[in-house]
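Colleague: I would like to learn how to read the main features of a model like this one, with the general idea given before each case. Could we go through it together?

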Amino acid sequence: MFRLVQSASVRVNPRGRRQGNGLVPGGPIDLRSDTVTRPTKQMRAAMAAAEVGDDVLDRDPTMRELEERVAGLLGTEDALWTPSGSMGNVIALMSHLRRGDAFLAPAGAHVLDNELGTAAWLAGGMPRPLPHDAGPGRVSSDAVRRAAGTEGPYYTLRTTLLCLENTHNAGGGAVTAPDQHAAVVSAARRAALAVHLDGARLWHAAVALGVPPAALAVGVDTVQVCFSKGLGAPVGAAVAGTAAFVADARRLRKMLGGGVRQGGVVAAAALVALDRIDRLAEDHERALRLADGLRERGWQVQTPETNIVLVAVADLDGTVARMADAGVRVSRMAGRIRLVTHADLTDADITHALERIGPVEPALQPDVRMPAAPAPARPAGH
């Protein structure tokens with residue numbers, strides 16, 4: 001079991017005072033992302049006491065401990081800390097792609113829509129989105145085989161890489177189960193494609209399915225995981241793969257300005273964050289409760305598989321402003337309203353959020369109903 005750690009803020013919110021992790025009535029409830037969490041007291045203490053060194057010159061001992069622990073959790077030979085998940089993704093793509101190569105990714109993937117085009121600009125890849133033909137955020141092995149195609153004349157586009165995402169952010173935190181993952185990776189291998197997994201929220205998928213994180217990274221060449229999404233660390237991610245890949249990735253990280261000196265200060269917080277993986281189940285339960293409450297109030301809600309709730313509305317900007325005026329901060333994702341549960345929320349915050357949002361107004365109802373997301377396949381006993 002992982003050790004449970006509670007978050008605690010050291011500042012008074014200007015619109016409301018915190019009690020434990022949640023906000024007392026009257027303060028804003030922030031559901032924009034699970035990146036808004038503040039470092040816990042344990043994280044701050046670990047950061048203050050961290051053993052550090054110059055990671056660019058001699059490696060930082062705390063950062064190295066984190067990298068080895070991540071490699072163990074993911075079942076890879078090695079791992080490398082990066083300042084962000086986006087940098088981890090682009091390092092992997094720069095390693096896998098030659099300029100002008102095409103790569104496949106599920107439509108709406110973070111590497112396609114939310115990383116400022118670095119896959120094309122820095123890695124030189126030609127993105128080819130795949131439809132979600134196997135459920136929200138998920139692609140089938142048949143879709144991969146069809147998109148990979150066969151070798152053509154020398155002037156045709158070469159497809160050399162498949163990028164997967166688990167959980168799929170724009171799919172509403174959709175989970176890909178181990179058997180689905182294995183089938184898609186196998187199809188990619190038969191088509192001679194390398195495979196990169198954007199696992200920024202892989203921890204959520206593992207908890208939702210009751211499996212180790214390594215079970216969701218089987219067969220991939222590289223995988224990126226994030227410490228500031230869900231786990232509550234203030235900064236950082238890691239990209240993992242073979243020892244040879246990590247050696248190359250360290251050079252690419254430096255090229256991108258990601259070389260750090262005494263990085264153990266932030267790595268120490270990430271080590272504490274890894275002790276919090278099992279508490280993600282609380283976020284999933286609160287997301288389900290939030291979705292059910294919104295549905296009862298007439299909102300068109302996709303049933304969450306993890307901690308992301310998507311709501312279909314006719315007026316995105318108007319709804320965001322309406323909820324902000326009510327004291328609930330939300331964001332936009334994939335043409336819908338996104339609400340994300342996280343470690344700094346309590347059950348009371350969910351209750352207050354639902355009370356503040358209230359029933360949907362007829363003018364905000366979309367014309368087309370949002371289908372409920374199918375439940376992911378779960379292993380027996382979970």
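Predicted model: local features only at pLDDT ≥ 70, side-chain atom pairs only at ≥ 80, totals over all residues.

Colleague: How many helices and strands does the chain have, and what share of its residues is buried?

Modeller: Helices (H or I, at least four residues) and strands (E, at least two) are DSSP runs, numbered from the N terminus. Here the secondary structure comes to 13 helices and 15 strands. A residue is buried under 20% relative accessible area, exposed over 50%, and partly exposed in between, with a 1.4 Å probe and protein chains only. By that criterion, buried residues make up 57% of the 382 residues in the chain. As for contacts, which means heavy atoms within 4.5 Å, 76% of those in the chain between residues at least 6 apart in sequence join residues at least 24 apart.

Colleague: In what order do the strands of the open sheet run, and which are the edge strands?

Modeller: Two strands pair if DSSP finds at least two bridges between them. The open sheet has seven strands in the order β4-β10-β9-β8-β7-β5-β6, and its pairing is mixed. The edge strands, each pairing on one side only, are β4 (78-82) and β6 (126-130), and from one strand to the next the twist averages 20 degrees.

Colleague: What is the handedness of the unit made by β8, helix α8 and β9?

Modeller: A crossover is right-handed if, with the strands pointing away from the viewer, the path from the first strand over the helix to the second runs clockwise. The β-α-β unit of β8, helix α8 (residues 202-209) and β9 is right-handed.

Colleague: Which helices lie across the sheet strands, and how is β9 covered?

Modeller: Axes are lines fitted to C-alpha atoms, for helices over the stretch in contact, and angles run from 0 to 180 degrees between N-to-C directions. Helix α2 (residues 61-74) lies across β4, β9 (222-226) and β10 (237-241), at about 125 degrees to β4, whereas helix α7 (residues 178-190) lies across β7 and β8 (194-199), at about 170 degrees to β7.

Colleague: Why does N89 count as buried, and which residues does N89 touch?

Modeller: N89, which lies in helix α3 (residues 85-96), counts as buried because its relative accessibility is 1%. Leaving aside residues up to four places away in sequence, N89 touches V111, E115, H196, D198 and Q224. N89 and D198 are 109 residues apart in sequence, yet their C-alpha atoms are 6.7 Å apart in space.

Colleague: How do α11 and α13 pack?

Modeller: Helix α11 (residues 280-296) and helix α13 (residues 347-357) pack at an angle of about 20 degrees, with axes 10 Å apart. Angles under 35 degrees count as roughly parallel, over 145 as roughly antiparallel, 65 to 115 as roughly perpendicular and the rest as oblique, so α11 is roughly parallel to α13. In this contact, R286, R289, L290, G293 and L294 in α11 meet D347, I350, T351, L354 and I357 in α13.

Colleague: Which strands does β12 pair with, and are its residues buried or exposed?

Modeller: Five of the five residues of β12 (residues 308-312) are buried; I308, L310 and A312 point one way and V309 and V311 the other. β12 pairs in the antiparallel sense with β11 (residues 300-301) over two bridges, and these two strands form a hairpin with six residues between them. Four bridges also join β12 to β15 (residues 336-340), again antiparallel, and the bridge partner of V309 in β15 is L339.

Technical notes: Residues numbered from 1 in each chain as written. Heavy atoms only, no water.
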